[in-house]
Amino acid sequence: MMEIDNKELENKFQQKIDRDIKIEPNDWMPDAYRTTLIRQISQHAHSEVVGMLPEGNWITRAPNLRRKAVLLAKVQDEAGHGLYLYSAAETLGADREQTIDDLHSGKAKYSSIFNYPTLTWADMGAVGWLVDGAAIMNQVPLCRCSYGPYARAMIRVCKEESFHQRQGFEIMTKLAGGAIEQKEMAQDALNRFWWPALMMFGPSDADSSHTEQSMKWKIKRHTNDELRQMFVDVTVPQIETLGLTVPDPDVKWNEVKGRYDYGPIDWDEFWQVVGGNGPCNKERVDARRKAKEDGKWVVEAAMAFTNKRNSKKSA
Amino acid sequence: MEKSKEWPLWEVFIRSKQGLNHKHVGSLRASDATMAIDNARDVYTRRSEGISIWVVPSNNITASDPSDEDSLFEPANSKVYRHPTFYDVPDGISHM
Amino acid sequence: MTTKEALYNYTLRMGDDSLILGQRLSELCGHGPILEEDIALTNISLDLIGQATLLLDYAGELDKDSRNKDQLAFLRIEKQYVNILLVEQPNGHFGDTILRQFLFDAYRTALLERLSTSKDKRLAGIAEKSLKETKYHLKHSSEWVIRLGDGTEESHLRIQNSLDKLFRYAHELFYENEVDNLLIKEGIVPSAQGIYPVWEKTVNDVLEAATLSLPKNNWKFQGGREGRHSEHMGYLLADMQYMQRTYPNMEW
Ligand SMILES: [Fe+2]
Ligand SMILES: [Fe+2]
């Protein structure tokens, strides 16, 4: 009996999705849809927050007042994005503190790009331009995601992202047109971030386990490889405009397919970094855990204060 | 027990400009209402998105049950006479 | 000393206070006690760096060597910075950070209120814009001092310690020398005597609500306004000036 009911609910649910009707928090949804979304949204939230660290590494060393303010505002936005996304995950019943503890215990994942170090000022350019660029490519289709709160959070995020990529590209433009040291710095940053940026779209379609179901549920609108190709196609001409060299000798315009071909991605490196062996995995998670532990007494004090005031009021 | 030390969740509503309704924009955590307003200002109005903020403890919101959707909202669909387009107005009549 | 020279010194002091405190707070971006407060502290830092930009820009115009704001911010040697010692103190724990902020905000608000009617129109304009931001900072830091002071036993102890440690640096907020004397006479800046009672009242009111008490030791540290800094300053500058020192004469 239950089984038949569930089947019917599931059919109705899928019909709604097929007709592009958004799913809202209290609506019935299959358990697997809920779990998939919680996993995806909280991973996304963790990526925003962990993503503050590599760029945060250069705020105190920004070369002038304008760059300092811009970078600070940019990294702050990422905290905001994390918050919008944790809020969206909470509408599905995922407790924020629990979600964050999962990050700190290593149970939850985040985008592996943030496990690479930022070594020079040019990395601020490369990260804004390539990493935020790749993120935008991923996020724009998510604005039409079937789950209402996630889609709405993504609309807000995408609006804010537009300046992130531009400020990164502006940094690169300055460097590429500057002194020899600056140009070298820019090329070096591009060399180090190019491949990790391509890996941001996730494993190739053949190895991606969740894609098919997620596309059916309209949690995902394009496959990893489609998005990666779109990214290569818009980025290669930008590299040329900067007068820098694409760090992949196989990148060539393919007249027949009307897109760029590119060389093989080192998936072994990708899985190593995902698995915890990236250059900064430990540092990133440790920094976030430390922030929470150091803040514990503050959070408790504020709550104790409120409870005291409330009991005074009711007394 | 550990739980009660956590800050409660607040829903945030923002009036983007004078003359418009407050609109739900998201949620956040805060230990009290004053802090919730402060946090909402920093989280949701960094780009001058608002001129007024409401915060409401999330657990004070009562929502209609989606499974009642049909009985709550469908009856209104048949009352087409509430809409001005239901009525024929002779040609040549304006301002109505 | 001419009025212009005095005004240069005065805007430089204010600019340095804003810059160094903004720099300190910016270290916390990504490390705040909870995400919401991380964003709030960064907002304060952004406001301060914005204020520093306006003030150092003006100082640059008054500077006899006509250095621009970035040269002033990034290319002076340590003893040419004239911020007070309080703002260069390390962030410590959240209680230290918030108490340092509170002592400064209470002073800055009172100062900016008066400066916004300065005879110097440029300074008055900067003060008017900054005042709106600083009033909010004061509200934020006051609320937190009260929450921590009257929160848990642990938080009370911690922030009382912060107060004992940092209050000794607060007196320097009211430092005056011939720069002030000249500008006060000309009606360009207010005197410390006018600001101090306002600051004192704010501090007393908030500390009372926070159940905190002023330290018994009322030793007064000073030196920053004269370019004598604490050991922390060198490291802060090494960080802040790294790019400009490593790659001289380049545009970014
Ligand atoms: Fe983001
Ligand atoms: Fe971003």
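This is a predicted model: local features need pLDDT of at least 70, side-chain atom pairs count only at pLDDT 80 or more; totals for chains, interfaces and linings use all residues.
How much area is buried between chain B and chain C, and what share of that area do carbon and sulfur atoms give?

Side-chain values use heavy atoms, without hydrogens and water.

1. About 1,100 Å² is buried between chain B and chain C, and carbon and sulfur atoms give 54% of this; buried area is the accessible area (1.4 Å probe) lost by two parts on being put together, summed over both. On the chain B side, B:Asp38, B:Arg41 and B:Asp42 lose the most area to chain C, together 42% of what that side buries.

2. Chain B brings 13 residues to the contact and chain C brings 11 residues (heavy atoms within 4.5 Å). The rule finds 2 salt bridges across this interface, a salt bridge being a side-chain nitrogen of Lys or Arg within 4 Å of a carboxyl oxygen of Asp or Glu. B:Asp32 forms a salt bridge with C:Arg147, with the closest N and O atoms 3.3 Å apart.

3. Now to the metal: A:Glu48 (OE), A:Glu78 (OE), A:His81 (ND1) and A:Glu161 (OE) coordinate the iron ion (ligand 1) at 2.1 to 2.2 Å. Donors are N, O and S atoms within 2.8 Å of the metal (3.2 Å for Na, K and Ca), and sites may look incomplete because water is not among the atoms.

4. A:Glu78 also bridges the iron ion (ligand 1) and the iron ion (ligand 2), which lie 3.3 Å apart.

Notes:
Residues are numbered from 1 along each chain as its sequence is written. Chains are lettered from A and ligands numbered from 1 in the order in which they are written.
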